[in-house]
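I opened my notebook to get to know a new structure, step by step. Come along and look with me.

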Amino acid sequence: MAFSYRLLSRSKQLYGSQAILNQQLAFPVRYYAKEAAPDGFKGDEMLKDIFRDLKKQFDTAIGVFRKEKIIIDPEDPAAVSHYAKVMKTAREKAGLLSESQRIQYTIEEETKDIPDARTYFLQLQEIRIKRDLPDELGVEAMMMDALEKVEKEIKKPLMRNDKKGMALLMAEFDKINTKLGVRREDLPKYEEELELKIAKAQLEELKKDAVEAMETQRKREEFKNEEAVDVKSLDIRNFL
C-alpha cells in the first residue's frame, strides 16, 4: 500500500481537511425560518428537513470533488485557480452561497432594522471586523467623511429612507470610487479575486493539515523507515 495513503488514513488529522466542505455548507438556520412555521409543524420536523437539505448539499459537493484531482500547492497559481473553479462548481451544483453572497446576506440580515445611515455604516464596520476583512484603502474613513459632509449639508442625521439625502451620499461615494479606480462593472472581477484568495488560504490549510498528519505518524515505530512524501503528490479523492 502506498505510504501516503497508509500514513494519512491512520491519522485523525486528515478529517480536519474536510473542514473546507463544512465551510462551504455553513448556512444560517434562520434562512429556513424566514416565515413562521405552519400550525402543527413540529420543531423536530423542521430540523429533519434542514438536515436532509444539508446532507443533500454535502453529498452533491463531495460528488464534484471525487471527480477532480486537487493539487495541494498554494504557491502554484494554476493549482489555486483550478481549486477555485472546483469549489465554484461544487458550490453552484449544491446550491450554496459564494463568500460575497454570504457577506451580502449577513449585511441584509443585520442591518434591515437600522433606520439611520451612521448606525448602518458602523454595523458594516463591525461585520467587516468579525469576518476578518481588511480595509487596506481606508474606505470606511472616506465613507464616514462623506456622511459627515452630507449631514452637514442637510443639517440633520441622514436616514436611510431619505431618498434625496441618500442620493447625495451615493454621489459622494461615486467620487470615492472614481478616486480609488473602482468601477461597478468590475465587481465580478473583484469577486473572482476574492475567490482566488479564499482558495489559496484553504489550500494552505490543507497543506498544513497533511504535513502535520504525516509528521505525527512518522514518529510511530511502523513508519520510521518510510520516506517522506511530497504533499503535492497526494490525491484528496482517496480520503473523501
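I began with burial: in this predicted model, 32% of the chain's 240 residues count as buried.

Next I looked up the surface. The chain exposes about 15,800 Å², and carbon and sulfur atoms supply 52% of that area.

Then I turned to secondary structure. I found 9 helices and 0 strands. Reading along the sequence, I wrote down the pattern α-α-α-α-α-α-α-α-α.

I also checked contacts between residues at least 6 apart in sequence. Of these, 70% join residues at least 24 apart.

Helix H5 covers residues 99-111, which makes 13 residues. From its first C-alpha to its last, H5 reaches 18 Å, close to the 18 Å expected at 1.5 Å a residue. Which residues of H5 are buried? I noted Glu99, Arg102, Ile103, Tyr105, Thr106, Ile107 and Thr111.

My last stop was the backbone in two loops. Where does aspartate 132 lie? I found aspartate 132 in the loop between helix H6 (117-130) and helix H7 (139-154). Its phi is near 60°, a positive value in a residue other than glycine. Aspartate 132 has a relative accessible area of 68%, so I marked this residue as exposed, the cut-off being over 50%.

Lysine 155 sits in the loop between H7 and helix H8 (163-180). For lysine 155 I again wrote down a phi near 60°, positive in a residue other than glycine. Is lysine 155 buried or exposed? Lysine 155 is exposed, because its relative accessible area of 72% falls in the range over 50%.

Note on methods. Residues numbered from 1 in each chain as written. Predicted model: local features only at pLDDT ≥ 70, side-chain atom pairs only at ≥ 80, totals over all residues. Heavy atoms only, no water. Helix = DSSP H or I, 4+ residues; strand = E, 2+ residues; numbered from the N terminus. Buried < 20%, exposed > 50% of the residue type's maximum accessible area, 1.4 Å probe, protein only. Expected span 1.5 Å × (residues − 1). Contact = heavy atoms within 4.5 Å. Areas by Shrake-Rupley, 256 points an atom, 1.4 Å probe, with all protein chains shown as cover.
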